[in-house]
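The sequence and the model are shown first.

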Amino acid sequence: MKHHDVIIIGAGAAGLMCAATAGYRGRDVLVLDNAKQAGKKILISGGGRCNFTNQKAESQQFICGNPHFVKSALARYRSSDFIELVERHGIEYHERDHGQLFCNDSAKEIVTMLMTECEWAGAKVKLRTEILSVSKTEAGFNLNTSNGDLSCGSLVIATGGLSMPKLGATPYGYKLAEQFGLKVLPTSAGLVPFTWHSDQKIRFEPLSGIAVPTTISAQDGTQFSEALLFTHRGLSGPAVLQISNYWQPGEAISINLLPGESALDKIEFALTHHPKQSLRNTVSQWLPKRLVEALFEESQLDKALNQLGHGEREKLANELNNWSIIMNGTEGYRTAEVTLGGVDSNELSSKTMQANKVPGLYFIGEVMDVSGWLGGFNFQWAWSSGVAAGLAV
């Protein structure tokens, strides 16, 4: 049985980061993954350009049962530390809205960088390897794999969540946590588009492809101001993906189609200056005409502004500033960017990511109950939690 100081299950962002960190400390590290390729989720992220971190990654941009849990790891390995690593490898990048950083060329550069770091650190990566069983021993852990039996002193679980099953996502990490008596919180799809009810689909499907700036609010008061995109299946775009993390099935979302503006003031101003202009032509100056026609009744749209009573104008304005809609559901894990829930953070050390009850067992990245906002935060958690464990194993 071949022994290693550290075995990491999962050759994704967190696993590779942890491997390089531990390798540079002189640890004998082996990374195992059943995929044919390392970093598959990195490769498709950010439209193939990888939104690898955010300039301003702070604890409030993360969702976790224990809001303080992420602070230690994020403070010890900041986004500026990862940016420095990217620059050392000569990877060119650019900043988009809200501090999001993307590769100029390709996400492949990030995977190549991580694999190079592992190589320099002496950490080995073995792909196409299935883990058949894991057991605890006095000295650490024994692993029975499709490529033979292995043992290690420290075992790191970096298996990710359930999002994007076509990339090989499985519940393996949760099952392993439960095997060792750790609590796993219920999981759901996060950063995910919403789907229409059948009657909504008939009404709004023709709007597919229209994007508008909005402020979207969830029932718990959380709100995001970003673009909303109409699709064949429902609503998407950055604002929708963000709010999906705070939405519960059956709850309404509130959409302000004229963020930062009073629709009633705009209607009253138009009434004063163009009383005979139709509602259709008035609102179509502010929003795409097809959207206006889908939102309001034909009979209303053809009325001149001076034919609308004050109560009617107020109701129309409310629809523009506070359009409340109950969606059917989400597209689920198939298109979700993250998994909400997972291994309970209260089971783990926030400094090292080690399981409190099981010495030598660590959980990093998406497998635990930590999810970031859209915009590079989930990758930053992978880097920070990977480094935290890599310094401890």
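## Helix packing

H4 and H5 are roughly perpendicular to each other, since their axes cross at roughly 90°. The model is a predicted one. H4 covers residues 79–88 and H5 covers residues 108–121, and the two axes come within 10 Å. On the H4 side the contact is made by Phe82, Leu85 and Val86, and on the H5 side by Ile110, Met113 and Glu117. By class, these residues divide into 5 nonpolar, no polar and 1 charged.

The buried residues of H4 are Ser79, Phe82, Ile83, Leu85 and Val86. Around the axis they cover an arc of only 155°, so they sit on the same side of H4. In general, an α-helix has 3.6 residues a turn, so residues three or four places apart point the same way. After H4 comes Gly90, which has a positive phi, near 70°.

Helix H6, residues 172–179, can be described in the same terms. Its buried residues are Gly173, Tyr174, Leu176 and Ala177. Seen down the axis of H6, these fall within an arc of 160°, and therefore they line one face of the helix. That set of buried residues packs against six strands named here in order: S1 (2–9), S8 (131–136), S10 (148–157), S11 (184–190), S19 (338–343) and S20 (361–363). H6 is followed by Gly181, where phi is again positive, near 80°.

Helix H1 spans residues 13–24 and contains Ala14. With a relative accessible area of 7%, Ala14 is buried. Leaving aside residues up to four places away in sequence, Ala14 touches Ile364, Gly365, Ala382 and Gly386. Val283, by contrast, is 269 residues from Ala14 in sequence and 48 Å from it in space, C-alpha to C-alpha.

## Salt bridges

The whole structure holds 13 salt bridges.

| Pair | Closest N and O atoms |
|---|---|
| Arg233 and Glu331 | 2.9 Å |
| Glu268 and Arg313 | 3.1 Å |
| Arg280 and Asp302 | 2.6 Å |

Arg233 forms its salt bridge with Glu331. Arg233 is in the loop between strand S14 (223–230) and strand S15 (234–236), while Glu331 is in the loop between strand S18 (329–330) and S19, so the pair ties together parts that are 98 residues apart in sequence. Arg233 counts as partly exposed, at 45% relative accessibility, whereas Glu331 counts as buried, at 13%.

Glu268 pairs with Arg313 in another salt bridge. This pair links distant parts of the chain, 45 residues apart: Glu268 belongs to helix H9 (residues 263–273) and Arg313 to helix H13 (residues 310–321). Glu268 has 21% relative accessibility and counts as partly exposed. The cut-off for buried is under 20% relative accessible area, and Arg313, at 10%, counts as buried.

Arg280 forms a salt bridge with Asp302. Arg280 lies in helix H10 (residues 279–283) and Asp302 in the loop between helix H12 (298–301) and H13, so the pair ties together parts that are 22 residues apart in sequence. Arg280 is buried, with a relative accessible area of 11%, but Asp302 is partly exposed at 49% relative accessibility. Arg280 and Asp302 also belong to one network with Glu293 and Glu298, joined by salt bridges that share partners.

## The chain as a whole

How many helices and strands does the protein chain have? There are 14 helices and 21 strands. The C-alpha trace spans about 85 × 40 × 35 Å along its principal axes. Of the 393 residues in the protein chain, 54% are buried. Among contacts between residues at least 6 apart in sequence, 72% join residues at least 24 apart.

Notes:
Residues numbered from 1 in each chain as written. Predicted model: local features only at pLDDT ≥ 70, side-chain atom pairs only at ≥ 80, totals over all residues. Heavy atoms only, no water. Axes fitted to C-alpha atoms, helices over the stretch in contact; angles between N-to-C directions. Helix = DSSP H or I, 4+ residues; strand = E, 2+ residues; numbered from the N terminus. Parallel < 35°, antiparallel > 145°, perpendicular 65-115°, else oblique. Contact = heavy atoms within 4.5 Å. Nonpolar A, V, L, I, M, F, W, Y, C, P; charged D, E, K, R; others polar. Buried < 20%, exposed > 50% of the residue type's maximum accessible area, 1.4 Å probe, protein only. Arc of directions from axis to C-beta. Salt bridge = Lys/Arg side-chain N within 4 Å of Asp/Glu carboxyl O.
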